[in-house]
Amino acid sequence: MALPWALAVLSLLPLLEAQSPACANLTAKPITNATLDWLSGRWFYIGSVFVDPAFKQMVQKVQASDFSFTPNLTQDTILFQQYLSLEDHCEYNSSVLWVHRENATLSRFDGGKKIDAQLLLQDFNSTYLLAFSMDDETKRGLSFYADKPEATPEQLEGFREALECKGMDKAEIMYTDWKKDQCEPLRRQHELERKKEPESSPRPPAGGHSSEPPAP
């Protein structure tokens with residue numbers, strides 16, 4: 001099933017608008033090693049707004065989602081491993097994201113089509129946003145991620161302010177519900193398999209992010 005890879009995973013366009021107070025807590029900066037180190041580990045998809053009807057229909061099926069980023073700093077790639085709880089079952093996806101440092105873009109090829117998303121860091125600890133096709137009124141979308149299954153009220157308000165900044169409707173937010181997660185048995189199976197691998201084999205980090213976003 002082809003879901004917007006944003007649920008799990010980025011030409012960075014400046015989203016800061018000095019004239020708008022709602023945009024004051026967003027930062028858009030080129031990707032550095034510090035950024036990639038900070039992104040490394042486990043993340044949780046909290047919610048999103050998508051204007052594109054096809055994307056919206058697919059996202060509405062997502063009950064819960066978590067994933068791991070494992071960056072390769074020398075090759076500028078990220079191993080992306082995602083668990084999706086979709087209605088009555090769990091799906092697991094693994095793919096590679098390409099990092100374009102100068103314009104802060106993460107890219108993925110899905111069905112031969114290149115998909116980019118914009119990485120936006122906030123003043124709030126341990127959260128970030130992915131913005132999609134923000135220059136297209138009919139296709140744009142904004143997704144919100146945190147390092148815990150449930151975001152704090154302050155973090156959620158930051159997401160709503162970001163939507164306001166871009167003129168998107170807060171009433172359209174589609175939230176996940178971690179209590180509906182169905183992927184724990186598969187996670188345990190994968191963890192047991194990883195423990196049996198040789199120590200030299202690459203494995204996704206268990207999680208744990210710095211308490212603050214990377215410095216510029």
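**Salt bridges and a covered strand**

Aspartate 116 and lysine 114 form a salt bridge, with the closest N and O atoms 2.9 Å apart; a salt bridge here is a side-chain nitrogen of Lys or Arg within 4 Å of a carboxyl oxygen of Asp or Glu. The model is a predicted one, so local features need pLDDT of at least 70 and side-chain atom pairs count only at pLDDT 80 or more, while totals for chains, interfaces and linings use all residues. Residues are numbered from 1 along each chain as its sequence is written, and side-chain values use heavy atoms, with hydrogens and water left out.

Back to that pair: aspartate 116 is partly exposed at 30% relative accessibility, and lysine 114 is partly exposed too, at 42%. For these labels, buried means under 20% relative accessible area, exposed over 50%, and partly exposed in between, using a 1.4 Å probe and protein chains only.

By the salt-bridge rule the count comes to 13. Another of them links glutamate 157 to arginine 160, where the closest N and O atoms are 3.2 Å apart. These two residues sit three apart in helix H3 (residues 153–165), which means that about one helical turn separates them. Helices (H or I, at least four residues) and strands (E, at least two) are DSSP runs, numbered from the N terminus. Glutamate 157 comes out as partly exposed at 34% relative accessibility, and arginine 160 gets that label at 24%.

Then there is lysine 179, whose side chain meets that of aspartate 177 in a salt bridge at 3.4 Å, N to O. Lysine 179 is exposed, at 69% relative accessibility, whereas aspartate 177 is partly exposed at 23%. Salt bridges also join up into a network that links Arg42, Asp66, Asp181, Glu184, Arg187 and Arg188.

Now for the strands. Strand S8 (residues 127–132) is mostly covered, with six of its six residues buried. Cover is found on both faces of S8: Thr127, Leu129 and Ala131 are buried on one side, and Tyr128, Leu130 and Phe132 are buried on the other.

S8 pairs with strand S7 (residues 113–122) in the antiparallel sense, over four bridges; two strands count as paired if DSSP finds at least two bridges between them. In this pairing, leucine 129 of S8 has leucine 120 standing opposite. S8 also pairs with strand S9 (residues 141–146), again in the antiparallel sense, over six bridges. Here alanine 131 stands opposite leucine 142 in S9.
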